[in-house]
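Which oppositely charged side chains pair up here, and where do they sit? Look at the charged residues before reading on.

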Amino acid sequence: HFRWGAKRIFLPTIPGAPSSGTVIVPRGLTSRIRGIRFKHVDGRTVRPSLMLPDDPQTDKSAYSPGECDKREKLITAAIMGTGGHGKPPTALMPCTVIREGDMAHSILDREVHPEWHGRTRGMVQTWPTEWGKDEHGLWGEYIQLRKGEQRGDQEPGTADAFYKVNRGPMDAGAEIDWVLDSDSDATSAMQYAANLWCDRGEAVFMAEYQNEPTKDVDTIYELDVNTVISRTSKQPRRVCPESAQII
């Protein structure tokens, strides 16, 4: 009873096999999720037992409090309610925190959603002792050499050669989440992380690779819920305060 289709996959029914008769179905987060059920080849009606919401927010939705709230409710209500009465599904959700306070940030917060057992991981667990010093430090010099290569001011490979000579003191104190994480141009995972930080900028690196987005700087031209609340007066509606200069 093996079937492979565009909308669902039925794994073979093999007596004794853990995956016997498993059904795999992809659905969009905002598509029809409630009430999903399938009729098994043996006549049983089955409902989802494992849900995998994969990165369920976009860059656009992360900056919309309304969208964040909508997606959070879809996950906690519609998705987690698909197992039926008394049989909540298991759920795993790989996600990226795009900004502080977004949907992923809320789900990962164990005070807000302890049922999700959120864990936040970053590429660099502990930065090297040399990291963060001014441009005269070893990593500062490495970054300048790499940018010089990109501008054409330095010969290709200059930064890499500098790192290989000074790798010991440059890596001292560093702790990387996955030491094998690298690309073909990097000697180590630490160098790979530094290259990403250099090429994509601190804000992108901290969000996409550390799950610790830098806090946005509020200005008078950017409105969010907390800013509006902080400006609310106790004045009755349609009554202009005597001190008001602008309405």
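This report covers salt bridges in a predicted model.

## Overall count

The model holds 7 salt bridges. Three of them are described below, including Arg 121 with Asp 177, Asp 160 with Lys 164, and Arg 167 with Asp 171. Side chains of opposite charge can pair when their charged atoms come close.

## A link between distant loops

Arg 121 and Asp 177 form a salt bridge, at 2.7 Å from N to O. The two residues are 56 apart and join distant parts of the chain. Arg 121 sits in the loop between α3 (103-108) and β8 (124-126). Asp 177 sits in the loop between β9 (175-176) and α6 (189-200).

How accessible are the partners? Arg 121 has 53% relative accessibility, so it counts as exposed. Asp 177 has a relative accessible area of 32%, so it is partly exposed.

## Two pairs in helix α5

Helix α5 spans residues 158-171. Within α5, Asp 160 pairs with Lys 164. Their N to O distance is 3.2 Å. They lie 4 residues apart, about one turn of the helix. Lys 164 is exposed, at 52% relative accessible area.

Arg 167 and Asp 171 make a salt bridge too, with their closest N and O atoms 3.2 Å apart. Both lie in α5, and here again the spacing is 4 residues, about one turn. Is Asp 171 buried or exposed? Asp 171 is buried, because its relative accessible area of 18% falls under the 20% cut-off.

Technical notes
Residues numbered from 1 in each chain as written. Predicted model: local features only at pLDDT ≥ 70, side-chain atom pairs only at ≥ 80, totals over all residues. Heavy atoms only, no water. Salt bridge = Lys/Arg side-chain N within 4 Å of Asp/Glu carboxyl O. Buried < 20%, exposed > 50% of the residue type's maximum accessible area, 1.4 Å probe, protein only.
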